[in-house]
Amino acid sequence: MKINFKISRLATFMLLSAFLASCSKDKPFTPEEQLDPISGVYVLNEGDFRANNASLSYIDFLTENITLDIYGTANSSDPTKPKALGDLANDMGIYGSLLYVVVNESNKIEILNASNAKIVKTINVDQPRSIAFHSGKAFITSYKNNVFVLDTLSKTVIAEIPVGRTPEQIVASGNRLYVANAGWADANTGGEYDNTVSVIDPVLLKEESKITVAGNIDQVFADGKGKVYVNSSDIYDASWSTIVEPSRLYRIDTKTNKVDKEYEFGAHLMAFTQNEAYLVSSNYKAGDETLLEMDLATETLKESDIFKGIELDHIYGLAIDSDNGNIWLSDAQYSQLGKVRRYNKKLNKVDLTYTAGAFPSTFAFKR
Amino acid sequence: MHIDTLKKVEITRPAFYKEEASAMPVQHLSKKDLDNLNSISVSDAIKFFSGVQVLDYGGIGGMKTIDVRSLSSNHTSIFYNGIAINNAQNGQVDLGKFSLDNIESITLFNGQQTKLLIPAKAFSSASTLLLEAQKPLFEEGKTYHFKIGTRIGDFGLFNPSFLWQQKVSENTSLSFNTEWVKANGRYDFYYARGDVDTLINRQNSDVDALRLEAALTGMLNDSSTWEVRLYNYISERGLPGAAVDNNYYSNDRQWDKDFFVQGRWEKKYNDLYSLLINGKFDRLDLRYKDPDFHNTQGFLENNYNQKEVYLSAANLFVWSNSLKSSLSADYFYNKLDADLMGFAYPERHTLLVNAAIEWQKNNFQIQANGLTTILKENVRVGNSAGGKQVFSPSISVSWKPFLDQNLYVRSFFKSIFRAPTFNDSYYTIIGSTSLNPEYVNQYDLGFTWQKAFNSRFQQVTFKVDAYHNRIKDRITAIPLANLFRWSMVNLGRVEINGIDLGVSGNAALGADVNLDFGVNYTYQKALDKTANGANFNQFIPYAPKNSGSGFVAVVYKAFGLNYNTLYTGERYSLRPNILTNKMEDWFIQNLSVSYKNKLAKMNYKVLAEANNIANINYTVIRNYPMPGRNYRISFQISY
């Protein structure tokens with residue numbers, strides 16, 4: 001009887017690529033000054049709701065092979081009985097030598113060794129959604145209207161920070177963290193959407209302020225240059241037949257923590273290079289998902305044709321390899337396994353295509 | 001002994017029941033069969049029919065629906081004493097809620113019943129499941145009959161029941177029946193964590209259900225028969241949901257209040273004309289609560305209320321010994337209220353008109369019918385699905401080719417549809433009012449061969465049916481423009497080819513020893529045939545290639561011993577036929593012993609049951625674990 005709110009939640013954009021692509025003054029914490037080259041990418045497959053079939057895949061850049069269920073096989077001695085990652089894996093990120101996987105319906109964070117995907121520790125967190133890192137801590141949004149703070153050294157929860165209602169994505173930018181407060185749980189039960197972004201101080205471990213933006217903020221992205229982009233999802237009328245407030249993208253200047261720009265369209269996925277942003281919008285053009293390129297300096301916008309000839313109606317994940325500017329895009333098809341594609345910037349074409357798991361959503365580049 | 005047994009069977013079978021001569025395949029479980037099958041609810045018993053999958057969400061309170069020949073639950077109509085049990089909201093009737101305590105027989109027709117004096121509704125589904133309540137039965141010279149029973153067992157089950165039948169006058173009797181099912185529902189299961197299986201206790205699967213039923217039946221001076229029946233069912237249960245990693249049950253709750261009153265009156269005016277009137281008022285209340293929902297009030301609660309009004313008139317015309325025809329007209333009014341935001345409050349008027357004709361000569365019978373369905377929907381908010389009119393024909397033949405052989409050949413074709421349910425059309429966000437009906441065409445060819453012997457081995461029956469089903473415009477939810485918003489659409493074709501095989505028989509092994517046995521087996525391929533679809537030629541979910549069941553029942557004097565088994569082969573839980581979606585086959589064995597005797601003037605019976613004796617860890621629906629080995633004991637006195 002419960003409406004399946006979670007089935008079509010978008011996964012977050014991979015934070016680390018934005019971090020690493022940004023200039024050093026925006027980097028609050030760097031594990032190593034001299035970064036090793038990126039050697040592969042983890043792909044998190046969200047899975048179907050209530051099917052317990054979330055999985056983690058890994059693509060090695062040297063062999064260009066995909067290991068479909070690296071979590072399942074790395075954590076079981078019997079390859080015919082792979083360990084199940086759980087139900088609805090919404091987000092992940094690499095911090096230091098560890099890979100943190102957020103599994104929403106399994107109420108847990110899996111901390112894995114980033115080199116081999118073996119379990120280091122499992123932490124119980126109620127209904128976790130999204131993860132970001134700052135100052136040696138992991139910040140995890142939870143539907144309990146909290147951000148859980150996990151100390152990455154002791155690997156224990158050290159604080160819970162109250163934020164807005166039904167928080168979705170979280171991102172680090174400069175010396176702050178930004179949380180999208182959607183509030184759909186109230187809106188779907190007769191109440192109001194939230195309309196704010198929470199700003200968290202990662203040292204004092206508390207909500208510093210709230211920025212009022214728009215109703216139903218779902219996604220937040222950081223460009224690494226002091227701007228945070230937030231996206232509101234569509235809001236329907238009472239009968240759920242007409243969109244009354246269409247999805248919109250807003251830009252926050254982190255110096256003032258004020259909205260300094262509003263776009264005439266929404267973008268539920270964003271990824272950044274030094275000078276450019278790639279965006280996926282569901283309403284830039286009516287009825288189609290569109291991949292857009294934006295020049296960050298001139299703010300000029302154009303439709304991207306780098307994936308031309310490929311059906312883009314179900315883009316579910318987007319990330320950019322900071323070593324070479326290659327663009328990774330995942331495609332979650334209904335009733336079949338998802339596809340992962342790489343646009344090779346040097347060759348100016350899509351050179352790799354993989355079949356991954358169900359609903360591939362998040363990328364994490366491994367060094 | 002042999003003759004005795006046969007007579008008994010004949011009496012307990014409904015009048016229409018002539019299994020071997022039926023043009024549409026029919027399977028029947030009598031009271032005696034039901035006693036032999038370790039079953040406490042209708043859903044337990046129907047697992048033994050061939051071609052049937054019971055979609056069982058596990059545990060004593062878990063939802064259990066019937067899927068016949070892989071056409072999905074919405075294509076089977078369920079009738080209680082001749083009148084349909086509907087759920088206009090989602091088309092799913094939970095057969096776990098129907099106790100066998102008051103059930104005299106269960107009959108499944110692929111297609112429809114092959115008698116003519118039935119409501120138009122009885123022609124309107126791909127398959128038909130008939131439940132018959134226990135009829136008043138009085139011993140010579142008695143005007144009353146009592147039965148008191150209690151069942152206890154694992155899952156904290158406590159299940160007392162009481163039946164009182166009273167002759168009010170020569171031709172009128174009253175029945176009163178009540179039953180309470182109380183269970184904590186808890187059981188252990190193994191959750192596979194990679195190479196380690198962890199023992200987990202399934203919780204929040206408790207049930208507390210009370211059923212009250214009263215019926216007045218009688219015959220009037222003009223020889224017409226009538227029945228009025230009141231039914232009231234109140235329950236509260238846990239909904240443990242899917243057992244997923246690190247989250248093995250949820251705390252959702254459900255409360256049901258089902259009430260109906262139904263009546264029938266049947267009169268044979270003369271040799272030419274008979275009339276059958278049916279009527280029903282039905283009210284279903286459902287309350288759902290998720291106490292862990294993360295909104296400000298801290299929970300999610302939804303209330304649904306359905307109402308149904310039903311009227312039917314069926315007319316039978318017997319023109320000659322070989323020619324009969326019937327005309328039936330039914331009207332349904334259905335309404336659904338819910339406290340969901342922006343709810344449409346749909347109501348539906350359904351008019352069904354059916355004409356049927358039967359011709360028989362010597363050993364050949366042919367039947368044909370045409371059903372016209374007219375639907376009209378109104379809503380208070382938003383758009384309505386409007387009106388629809390559909391014509392659905394069927395034809396069936398039965399032939400006994402040899403006079404000296406009990407061989408019956410049958411074949412049928414039936415075209416039918418299911419209308420979109422209220423959920424399909426109006427459910428928040430995903431409902432779509434532009435849906436077309438989902439159509440099913442069924443083709444079947446089969447035979448029954450019976451052989452009686454003048455030996456210890458008394459008789460054997462073979463049944464074989466080959467079938468081909470096509471589903472068109474399947475109603476299914478898919479994401480449209482993007483993955484944020486799913487919607488109901490008509491998409492996809494399915495083709496199902498299968499064979500149902502059945503062998504049954506009985507033997508008298510000694511003066512006091514009787515043996516009954518039966519085996520059913522189904523082989524089928526239910527394939528997705530959606531043109532250009534990603535899953536073309538792959539198996540549809542929950543449609544095993546192989547499935548079967550079997551039982552052996554031995555009676556020695558007052559003792560009874562019964563062994564029965566169920567098998568379901570490998571199948572897939574989701575559409576992509578990949579390894580991670582493959583579900584293991586399972587084979588379950590059950591055993592029971594009974595003893596019945598007389599003490600003074602009272603009959604009593606003691607029954608001990610062991611279910612899943614090999615303690616198999618299995619699931620029917622992925623992530624909904626089924627219980628392992630469990631026991632029940634029951635005791636019954638009748639007077």
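This is a predicted model: local features need pLDDT of at least 70, side-chain atom pairs count only at pLDDT 80 or more; totals for chains, interfaces and linings use all residues.

Mentor: Residues are numbered from 1 along each chain as its sequence is written, while chains are lettered from A and ligands numbered from 1 in the order in which they are written.

Trainee: In which order do the strands β12, β13, β14 and β15 of chain A form their sheet?
Mentor: Strands of a sheet pair through backbone hydrogen bonds, either parallel or antiparallel. Here the open sheet of chain A has the order β12-β13-β14-β15, with antiparallel pairing. Strands (E, at least two residues) are DSSP runs numbered from the N terminus, and two of them pair if DSSP finds at least two bridges between them. β12 (167–173) and β15 (206–212) of chain A each have a single partner strand, so one side of each lacks a neighbour in the sheet.

Trainee: How many bridges join β13 to β14 in chain A?
Mentor: Four bridges join β13 (residues 176–181) to β14 (residues 196–201) of chain A; A180(A) has V197(A) as its bridge partner in β14(A).

Trainee: Which strands form the other open sheet of chain A?
Mentor: Its antiparallel order is β22-β23-β24-β25. Four bridges join β22(A) to β23 (residues 276–285) of chain A, where V280(A) is the bridge partner of L269(A).

Trainee: How many residues of chain A are in contact with chain B?
Mentor: With contact meaning C-beta atoms, placed from the backbone, within 7 Å, 53 residues of chain A touch 40 residues of chain B.

Definitions and conventions. Two residues are in contact if their C-beta atoms, placed from the backbone, lie within 7 Å.
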